[in-house]
Amino acid sequence: MTDISVEMIGISKRFGKIQALDKVNFAAPSGEITSVVGENGAGKSTLMKILYGMSKPDTGEIRLNGKTVKINSTSDAIKHGIGMVHQHFMLADGLTAFENIIIGDERTGKSGLIKFKSLRHEIRSLMKVTGLEIDLDVRTEDLPVGVQQKIEIIKLLYRDSRILILDEPTAVLTPQEVNEFFSSLRKLAESGKTVILITHKIDEVLSVSNSVTVLKRGKVIASYSSESLTRETLASALSGEKIHTTRLEKKNHSCEVLLDVKDLSVTNDRGVTVINGISFEVKKGEILGIAGVEGNGQTELMEALCGIRKYQGEIKINGEKPNTSQIAHIPADRLKEGIVKEFSVEENILLGRHRERKFSEHYRINFRTLRKFTKFIIEEYDVNPPYPESLITGLSGGNQQKVVAGRELTKDSTLIIASQPTRGLDINATEFIHNRLIIEASKAKAVIIISSDLDELLKLSHRIAVLYRGSFSAILESSETNEQEIGLYMTGLK
Amino acid sequence: MLFKATPLIFTGLSVAFAFRAGMFNIGAEGQMNIGAFAAAWAGFTFTALPWVIHIPISICFAFAGGALWALIAGYLKARVGSHEVINTIMLNFIALALVSYLVNSVYNVPATVRTPEISPSAHIPRFDSITGFFSGSPFNMVFIIGICVCLLTGYIIRNTPLGYEIRTSGFNRDAAEYAGMNIKKLTVLSMTVAGGFAGLSGLNFVNGYKHYFELGFSEGTGYMGIAVALIARNNPIAIIPVAVFFGILEYGGLTVNTLVPKEIITIIQALTILSAITITELFRRRVSLE
């Protein structure tokens, strides 16, 4: 018998009209890896935020090793040995790995000074035990995300966290890094830690976890131990019903060049050149995937193509200088760039299209047309709840993304740029957006998809360009390559 | 009472409008001084104009004065990215010093701190002289201008593509930029218009009441505009009743002036405003939790 390390019993939480969690029971035994899976808005993050003291449950209790505890803040959680690695890392740029590890818990000796030597020794032995080896004296901003993630984990171990919560930890990793990461997780579990993994990737769940809890609309709908689990049972539990969209296949494209980019160089906000003289072309009806570890120039490349960042070199659409109204763009960071949280669904539909003749006449917004058009998108893109006037933040992430996709893909465009179009979306929404992109490409448009999900790129695109340190390390035919090969190009090993 | 509310309508609207575009205009005080001086200058410089021309010209000068002053702050923000709070505070100091110089050394009426009187053709009529109501109160037609400007602004923000751009840039600059809006242009434009609104608030005193510009006339009305805008939740229409509420406070203070020390009045006013802000804020939270 393993002694149960974490138990959450009858946890309920309401946000306004939405029941985010409804009497959820969850257990994570020590020495095991427990996965929490579910669609967008199923309550995974809310549940973990409650465990980590970032949010208070309306009812229910948390037991650690059988004892009921009150966790009112993150510092309470840390005191109880609970640690969390967030999806976006919380490292301080400019500090070294070592400094980042001890930050917030700088142990001092009698003199009042930080005990650098013995701390360093302690961290070294931690690294040896867990196999998470890193160079302590490098500044974290220069390190690849995989290493940054190790730092985050060591940070938790240094604080003697016995319960590790990891929120979508593999979203930013290459396939090679994922394998390495999983083996470290197993080691940690073997040493008696309780590891809780939040994810929505079925393969990950199957390959590492000992047990799985499936959440749907705030309720636990199933708990499995891994032995009894197959891909099919988990997939159907996740989507609730069978996956109901049929997958479209990509079509052949013409040989006519639509987008022609020559010697493109772009600098970032700090003036550092991050795209370094790249050239490529996209043909009519072609889908070009751009792979790469985040932070290799994707953002800047995309902004240059959209015409909102200055560049050197040449970008031509059908042989002419592009006009921003020709480009439809699904931004990577939906909340930051794609929507205005304070606006309603229909006001968000208007975003970037407010100067189109049909939406504004005589200096006045045509609200009637807008309402009609919003209803059309809601129907066409299956947006739920289907109210044009409701606030966009009342929708789940997936539905917000459908609104953004609907707005952009219905534009009268010739080039479509989709950055991380399905990040954080559940299976059905992902299939839906994929099909839409394939349909748009078949209308002789050029489509560029920037994504860290290699599966998605392999499935959708005709060719895959791998961005590494501002250049293309390879442009591959997607029918002739695989995840492993792309992974090698992503890390510059090939 | 309504006389006291009039300038607050304009400064409140000024702050609210800038807020809508995502900026904090602390400079209404300075903009209002410049605007008032410009209106006074137009009043005493052009003397041979009929009122149908002179009054609109004065209004334009008041607007242009405030707008020009805020344009500097907006331009600095758009061009070099210096924060508008600093820009507008500093410009307040400069504005007060500038009008003080102009009044004391250039357009001085000996032994006073005011300019010469404006020509009668630039007088904006008082209510009591037109309607017979409000007799004895300096309450004047500038109040009506204020209401019209608020309604118009409300319409523009709500119903025009430009207003939509302003709201978008106020809520989420990144999204606005990705949607192809010119943020710099919007920054300068919104700040300038906000300054123009603050400039108009000088009309109440200069054209509607004393008929000259006097140093210190603004009495912090520009700063009070921030409170008005906050309570009105930056809604141009809601500015009107909130400004009237503040006007009541001011007027009440004047009425009991002889009975209690001035400090007590100020304290009570401040407490009332604090409670009003707290209550509206609590109420809003109740509603949003609902």
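In this predicted model, helix α7 of chain B spans residues 161–171. The buried residues of α7(B) are B:P161, B:G163, B:Y164, B:E165, B:I166, B:R167, B:T168 and B:S169. Eight of the 11 residues of this helix are therefore buried, so α7(B) is largely enclosed by the rest of the structure.

Chain A contains an open sheet of six strands. Their order is β15-β18-β19-β13-β20-β21, and the pairing is mixed. Strands β15 (327–330) and β21 (471–477) form the edges, and each of these two pairs on one side only. From one strand to the next, the twist averages 15°. Strands of a sheet pair through backbone hydrogen bonds, and the pairing is either parallel or antiparallel.

Five of the five residues of β13(A) are buried, so the strand is largely enclosed by the rest of the structure. Its side chains point two ways. A:I287, A:G289 and A:A291 point one way, while A:L288 and A:I290 point the other way. All of these residues are buried.

Strand β13(A) has a partner in β19 (residues 446–450) of chain A. The two pair in the parallel sense over four bridges. A:L288 has A:I448 in β19(A) as its bridge partner.

Strand β20(A) covers residues 463–468. Five of its six residues are buried, so this strand is largely enclosed by the rest of the structure. Strands β20(A) and β21(A) pair in the antiparallel sense over six bridges. In this pair, A:V466 stands opposite A:A474 in β21(A). The strands β20(A) and β21(A) form a hairpin with two residues between them. In the turn, A:R469 has a positive phi of about 50°.Most residues other than glycine have a negative phi. A:E168 has a phi near 45°, a positive value in a residue other than glycine. A:E168 is placed in the loop between β7 (163–167) and α6 (175–190) of chain A. With a relative accessible area of 13%, A:E168 is buried. A:D382 is not a glycine either, and its phi is positive at about 55°. A:D382 lies in the loop between α12 (367–380) and α13 of chain A. At 43% relative accessibility, A:D382 counts as partly exposed.

A:K402 lies in helix α13 (residues 397–409) of chain A. A:K402 is buried, yet it has no salt bridge. The nearest side chain of opposite charge is that of A:D382, 4.1 Å away. A salt bridge needs the charged atoms to be within 4 Å.

In soluble globular proteins, nonpolar side chains tend to be buried together. The largest nonpolar core in this model has 156 residues. The residues with the most contacts inside this core are A:I123, A:L185, A:L437, A:I486 and B:F213. Helix α1 (residues 2–20) of chain B gives the largest share of the core, 11 residues. A second, separate core has 28 residues. This second core includes A:L258, A:L305, A:I317 and A:I448. A:I448 is also the bridge partner of A:L288 in the sheet.

Leaving aside neighbours within four places in sequence, A:I486 is in contact with A:A291, A:L454, A:L458, A:I464, A:V466, A:L476 and A:T481.

Terms used. Residues numbered from 1 in each chain as written. Chains lettered and ligands numbered in written order. Predicted model: local features only at pLDDT ≥ 70, side-chain atom pairs only at ≥ 80, totals over all residues. Heavy atoms only, no water. Buried < 20%, exposed > 50% of the residue type's maximum accessible area, 1.4 Å probe, protein only. Lys, Arg positive; Asp, Glu negative; His and termini not counted. Pairing = 2+ DSSP bridges. Axes fitted to C-alpha atoms, helices over the stretch in contact; angles between N-to-C directions. Core = buried A, V, L, I, M, F, W, Y, C linked by side-chain atoms within 4.5 Å. Contact = heavy atoms within 4.5 Å.
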